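Subject: Handing over the structure

Hello,

I am passing this structure on to you. Please open it first, then read the notes below.

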Amino acid sequence: MRMTTTFRAAEELAAATAAHLPARPGRSWHRAPGAELDGLAAAGLTDGTRTLLLTTSPCGTVKMAAWPAGRAPLEAAAVPGRRVHPRHLAAAAARHHLPAADRAALAAGPGADGFARRGELRYELCSSPLAPERRTVADTETGGFKVSWDLDGTRITAAPSGDHAVVVRAERLRLPFAERLLRLALDGRAAGNPAAGVCGAAARRLAAAWPLLPTNSRAAGTTRLTSRTGLPDAPHVEITLTPGLGGGDCARVDLRLRCGTDLALLALAALR
């Protein structure tokens, strides 16, 4: 009976999470047959090419794993917190599990070449309803491309990086929007005071709330904060700001986020 109760809870949570996952063009998320994950019956979600498995335990712990086609489910990971909101589950999937599924699909065998994958990414960035509407697209000399948006004095660009990653850059981004992206990209908040070497009110505001470390502090007249190294597919954040920048909401910083396509789409939606 307990197994039935927890499986029903997982199914309900999975159905609610589907509404918050970024949908690729023509591939919406919907419920799918599940499987067993770490000894518990797991609910399934799929967009037709990728599947997520989700379990809930009697004590409220939620675990998630990607399930690449034709392979066993990848390693499950617990989502931090209890009674996690579906929006947070979707962000956790976009941070780790969906990039892992994309990487596994590339490693499984022959598929689309790099040119075709960049073409798919270009279409997704330009057609997704999550991305801002008014954009410009420019080709690069190396065969890549860059999509750009101008929003409220902030210059935003997105470009492919490697086989399945995206680099999103935001120049002159206001602090509250930087915090939105940190909430999406990082697994949790900082537990203590900023690390030594973090100077300036804006830098301390960010480093006090998020697990960011100073890198090349004050080099070339700037302070640089970077996210700590995590899982192989974890997003990487780098924030550059002037050392004496005030900590008010009007302060502006430069932010670089390297992540999977799904998290990039959520990030663009957060900047609209």
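The largest cavity holds about 40 Å³ of space. A cavity here is a set of points on a 1 Å grid over the protein atoms alone where a 1.4 Å probe fits but cannot get out. Grid points are joined across faces, edges and corners, and a volume is the space filled by probe spheres set on the points. The structure holds one cavity of 30 Å³ or more.

Before going on, a word on the basis. This is a predicted model, in which local features need pLDDT of at least 70, side-chain atom pairs count only at pLDDT 80 or more, and totals for chains, interfaces and linings use all residues. Residues are numbered from 1 along each chain as its sequence is written, and side-chain values use heavy atoms, with hydrogens and water left out.

**The cavity lining**

Which residues line the largest cavity? They are A14, T17, A43, G44, L45, L52, L54 and M64. Lining residues have an atom within 4 Å of a point. Helices (H or I, at least four residues) and strands (E, at least two) are DSSP runs, numbered from the N terminus. β2 has the largest share of the lining, three residues. By class, the lining of the largest cavity has six nonpolar, two polar and no charged residues. Ala, Val, Leu, Ile, Met, Phe, Trp, Tyr, Cys and Pro count as nonpolar; Asp, Glu, Lys and Arg count as charged; the others, Gly among them, count as polar.

**The five-stranded sheet**

β2 and β3 also belong to an open sheet of five strands, ordered β1-β2-β3-β4-β5 with antiparallel pairing. β1 (30-37) and β5 (77-78) stand at the edges with a single partner strand each, so one side of each has no neighbour in the sheet. Two strands pair if DSSP finds at least two bridges between them. β4 (residues 62-66) and β5 run antiparallel and are joined by two bridges. K63 stands opposite A78 in β5.

**The eight-stranded sheet**

There is also an open sheet of eight strands. Its order is β6-β7-β8-β9-β13-β12-β11-β10, and the pairing is antiparallel. β6 (136-139) and β10 (212-214) are the edge strands, each pairing on one side only. Neighbouring strands of this sheet are turned by 20° against each other on average, direction ignored.

- β6 and β7 run antiparallel, joined by four bridges. V137 has V147 in β7 as its bridge partner. The hairpin of β6 and β7 has five residues between the strands, and G143 there takes a positive phi near 90°.
- β7 (residues 145-151) and β8 (residues 154-161) run antiparallel over five bridges. S148 has T157 in β8 as its bridge partner. Two residues lie between β7 and β8 in their hairpin, and D152 in the turn has a positive phi of about 50°.
- β12 and β13 (residues 252-260) run antiparallel, with five bridges. H236 stands opposite R258 in β13.
- β11 (residues 223-227) and β12 (residues 236-241) pair in the antiparallel sense over four bridges. T223 stands opposite L241 in β12.

**Helices**

How do α4 and α6 cross? Their axes come within 10 Å and cross at roughly 155°. α4 and α6 are therefore roughly antiparallel to each other (angles over 145 degrees). Axes are lines fitted to C-alpha atoms, for helices over the stretch in contact, and angles run from 0 to 180 degrees between N-to-C directions.

The axes of α4 and α5 (residues 201-209) come within 11 Å and cross at roughly 25°. α4 and α5 are therefore roughly parallel (angles under 35 degrees).

**The second largest pocket**

A pocket is an open set of grid points with protein on both sides within 12 Å along at least five of seven lines. The second largest pocket holds about 490 Å³ of space. Of its 21 lining residues, H88, A91, R95, R183 and L184 are the closest to its centre. α2 (86-108), α4 (175-185) and α6 (261-270) each supply at least two residues of its lining. α2 gives the most, with six residues. By class, the lining of this second largest pocket has 11 nonpolar, four polar and six charged residues.

Best regards

How values were computed:
Angles under 35 degrees count as roughly parallel, over 145 as roughly antiparallel, 65 to 115 as roughly perpendicular and the rest as oblique.
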